[in-house]
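Colleague: I would like a close look at one part of this protein. Please take me through the sheet, and keep it brisk.

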Amino acid sequence: MSAATPPLIAVEGLTKHYRAGRGLFAGMVKDTPLVRAVDGISFSLGRGESVGLLGESGCGKTTTGRLLLKLTEPSAGTIAYDGQPLSPLAGPALRTFRRQAQLIFQNPFDALNPRFTIARCLNEPLINAHVPGRERPLYIERALDLARLSRGHELLQRHPHQLSGGQLQRVVIARALILSPEFIVADEPVSMLDVSVRAGILNLLRDISRDLALTAVYISHDLSLVRYLCERTIVMYLGRIVEDAPTAALIDEPLHPYTQALVAAVPTPDPGQSRAPLPIGATPPDARRPTIGCRFADRCPKVMEKCRRIDPPAFTPVEGRSVACHLYGDAS
Ligand code: SF4
């Protein structure tokens, strides 16, 4: 992103806390643990940029994606979309935002109503956006072409259970693109698919991001996926950003010890390959546990005394990169 070009999305101090527990009244009971799903993160997304949000389960990446799409409201902090704060959006301005910003679901088997035909699934967003009936076939044909699906009557009259996982995910992608959005969030877009069809979906996502100049956030636990799709990667750990860098630099020379562990767990550049175990152990981070100092200290092979006392801020050891780790700060 050029310094003269304002970002499409600017996030400042974004925070999402909620009370853990089950049942309707869990959130109202004071002694249920507070989950710090997202805990004061700041970043911006340039127009046309493809950015990976990378981290283990529980790091806050999916919550961040939902906040960016205004599917949930932040506890604190702000998101500006095209210069406008997202929180107060309502009425026609919110409807315009909903057209411009779309989600590609993780699980195509849950994303489509099983009782609807594919034609009805694709018509739904057009009806919600008040697209006139006579124009809808053109929108549908364009979306099917973008997702490299047949325009034929046969596909449109099928129900979701009659399609393969790969075809279903292409329908989900077609539906996300049907209103010509400028921003997409794709949450683990191939994790529920058979390995044999993943490469085709990854190629499709890479091509549409580039050809439509989409601003895209790809949420994943898989470094090979963000390596394939994203020019920049933001690594999250327990609700915080620990590293933000161009993807190639992040993989060639990971700075944060957590990123180093993620990189060490990827055996080959093949996006279909499964990962090696994390060299820091598989204990998932617990966002309910309050921490003092660095949140990664319990798993960090390079932990120092001050790491347990002082929460590291983001340092900029190299132009265009940031890392929240005392190894890159001053010596105090
Ligand atoms: Fe490890 Fe300390 Fe850096 Fe945290 S601040 S990642 S504990 S070296």
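Modeller: Start with the contacts of the whole chain. This is a predicted model. Take contacts between residues at least 6 apart in sequence: 67% of them join residues at least 24 apart. The protein has 332 residues, and 48% count as buried. Its secondary structure comes to 11 helices and 11 strands.

Now the sheet. Seven strands form an open sheet, in the order E6-E7-E8-E3-E9-E10-E11. The pairing is mixed. Strand E6 (101-104) and strand E11 (322-323) stand at the edges. Each has a single partner strand, so one side of each is left without a neighbour in the sheet.

Helix H11, residues 257-264, packs on this sheet. Helix H11 touches strand E3 (50-54), and also E9 and E10. The direction of H11 makes about 110 degrees with that of E9.

Look next at how two of these strands meet. In general, strands of a sheet pair through backbone hydrogen bonds, either parallel or antiparallel. Strand E9 covers residues 232-237, and strand E10 covers residues 240-246. The two run antiparallel, joined by 6 bridges. Methionine 236 stands opposite isoleucine 241 in E10.

Alanine 10 lies in strand E1, residues 9-19. Its relative accessible area is 29%, so alanine 10 is partly exposed. Alanine 10 and serine 44 are 34 residues apart in sequence, yet their C-alpha atoms are 4.3 Å apart in space. Leaving out residues up to four places away in sequence, alanine 10 touches Phe43, Ser44, Thr78, Ile79 and Ala80.

Notes: Residues numbered from 1 in each chain as written. Predicted model: local features only at pLDDT ≥ 70, side-chain atom pairs only at ≥ 80, totals over all residues. Heavy atoms only, no water. Pairing = 2+ DSSP bridges. Helix = DSSP H or I, 4+ residues; strand = E, 2+ residues; numbered from the N terminus. Contact = heavy atoms within 4.5 Å. Axes fitted to C-alpha atoms, helices over the stretch in contact; angles between N-to-C directions. Buried < 20%, exposed > 50% of the residue type's maximum accessible area, 1.4 Å probe, protein only.
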